[in-house]
Amino acid sequence: MYNEMFADDRSIRGPYDKVSEWINASGVDLLKLRQSEAEAIFRKIGITFAVYGEGGDPERLIPFDLIPRVFGAAEWRKMSRGIKQRSRALNAFLYDVYHRGEIMRAGIIPEELVYQNEAFLPDMVGVDPPGRVYSHIVGVDIVRTDADRFQVLEDNCRTPSGVSYMLENREIMMRMFPQLFQAGIVEGVENYPSMLKKTLEEVAPIKCDDDPTVVLLTPGSLNSAYYEHSFLADLMGIELVEPQDLFVENGLCWMRTTRGPQRVDVIYRRIDDTYIDPLAFKADSLLGVPGIFDVYRSGGVTLCSAPGAGVADDKAIYVFVPDMIKFYLGEKPILENVQTWRCAQPDDCKYVLDNLKDLVIKRVHGSGGYGMLIGPHAAKKEIDAFRAKIKANPNEFIAQPTLDLSTAPILGNEGIEERHVDFRPYCLVGKEIRLTPGGLTRVALKKGSLVVNSSQGGGVKDTWILAE
């Protein structure tokens, strides 16, 4: 198991030199006091997330760990090149899927994985989004297993959440320990909102003949990510709108304001495909804007990300991303995938069923850490239940090895402890590809746990990318 702070002889690894000096100079007692203060700030400004289905109040304070995770400049260079490469390939795949389907014709990806995928939208066939960009914010979940090995665990091409935590984590760290940042050794993340806004403006529709008006469309205050919606809209200086604030007229989208209707050109939507337009998809949706999909297809408004983009982040499609990189870009993948078995394949399924106790099983369309089996930590009853599910519907599952995820330091009850982490950077795709030097580090706060999702007991921490 790779420890990101300590070498095998317990010496401090280079990127953590300054952090180690800071921990030793501060002392555990002061750090715990600052940890409590940070939690109070989170509570005061309302940085929460929702967990549904457990009864009672679903709103929870996201656990924040004070010890930053650190990447050296050379480590970040490799990751950033790989993230951008992957984002380009995924968008090329989406364009191909909704046009000629060359990668399926070439026999590289089975047609049924795409055209029978629940995220595939036949209505998008032949639609050309501005700049051929379908996924404008790509969240790539990365795990580390040794000093030089960074692997992609999954891709998020629809609306990857959590970027507000990246920004707030840094804000709190700068407020608590300004001296850590005065030397300029840590790259900033504060430019993310301006980069996001510029990206959204770059994909204005063909019918936009002036400076584009951008809005963020939220389902409303009851949504689990509503804090992030309002936070990002405020930082970008754009309107946060709900479906009833928008309407369609004369082939364009308009926003109701106190000064009368205002044209809307770009919508950063945080509403799922099936709910966005009751005339095109789910007829009983109360979250959609009637007629918005026709306006989108005719070039009157841009929806970010494009409807149907979810077919690219399906876990069965994930297996083929390295092939996409070679097929569309003619390049060798910089970041490798985690080894994955598709239970839809008979040989793979047999191997998975024979080795359930050693594997991690995931639903193809699952997210948030739900519906998973972590074989080494599961009881026999749970393993047997998953065995029956896989046999009944093998197409719904993939399997991966139980990885020795790297560990990073946290401030625990016993002082400085070690916990497993992963990393989600946010790649912005418009006319240019932009990547803020940072991202969201998620940490499994339960000792020995490999599940980092906040809904499953995980927390977050600031992520430092060291300057050259």
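At what angle do the axes of helix 8 (residues 192-202) and helix 9 (residues 226-236) cross, and within what distance do the axes come? In this predicted model, the two axes cross at roughly 80° and come within 9 Å. Because angles of 65 to 115 degrees count as roughly perpendicular, helix 8 and helix 9 are described as roughly perpendicular to each other. On the side of helix 8, the contact is made by Tyr192, Pro193, Leu196, Lys197 and Leu200, which meet Leu232, Leu235 and Met236 in helix 9. The residues of this contact divide into seven nonpolar and one charged, with no polar residue among them.

Turning to the strands, an open sheet is formed by three strands in the order 8-9-10, with antiparallel pairing. Strand 8 (246-249) and strand 10 (262-264) are the edge strands of this sheet, each pairing on one side only. Direction ignored, neighbouring strands of the sheet are turned against each other by 45° on average. Strand 9 (residues 252-255) and strand 10 run antiparallel and are joined by three bridges; in strand 10, Gln262 is the bridge partner of Met255.

A further set of antiparallel pairings involves strands 18, 19 and 22. Strand 18 (residues 407-412) pairs with strand 19 over six bridges in the antiparallel sense, and a hairpin of two residues joins strand 18 to strand 19. Within this pairing, Pro409 stands opposite Glu418 in strand 19. Strand 19 also pairs with strand 22 (residues 440-444), again in the antiparallel sense, over four bridges, and the bridge partner of Arg424 in strand 22 is Leu440. Of the ten residues of strand 19 (residues 415-424), eight are buried, so this strand is largely enclosed by the rest of the structure.

Thr407, which is found in strand 18, has a relative accessible area of 4% and is therefore buried, the cut-off for burial being under 20%. Not counting residues up to four places away in sequence, Thr407 touches Met1, Tyr2, Asn3 and Glu4, as well as Glu418, Arg419 and His420.

Val429 has its place in strand 20 (residues 426-429), and with a relative accessible area of 6% this residue is likewise buried. Leaving aside neighbours within four places in sequence, the contacts of Val429 are with Ser87, Asn91, Val133, Ser135, His136, Val138 and Thr199. The C-alpha atoms of Val429 and Gly448 are separated by 36 Å, the two residues being 19 residues apart along the chain.

Conventions: Residues are numbered from 1 along each chain as its sequence is written. This is a predicted model: local features need pLDDT of at least 70, side-chain atom pairs count only at pLDDT 80 or more; totals for chains, interfaces and linings use all residues. Side-chain values use heavy atoms; hydrogens and water are left out. Axes are lines fitted to C-alpha atoms, for helices over the stretch in contact, and angles run from 0 to 180 degrees between N-to-C directions. Angles under 35 degrees count as roughly parallel, over 145 as roughly antiparallel, 65 to 115 as roughly perpendicular and the rest as oblique. Contact means heavy atoms within 4.5 Å. Ala, Val, Leu, Ile, Met, Phe, Trp, Tyr, Cys and Pro count as nonpolar, Asp, Glu, Lys and Arg as charged, and the others, Gly among them, as polar. Two strands pair if DSSP finds at least two bridges between them. Buried means under 20% relative accessible area, exposed over 50%, partly exposed in between (1.4 Å probe, protein chains only).
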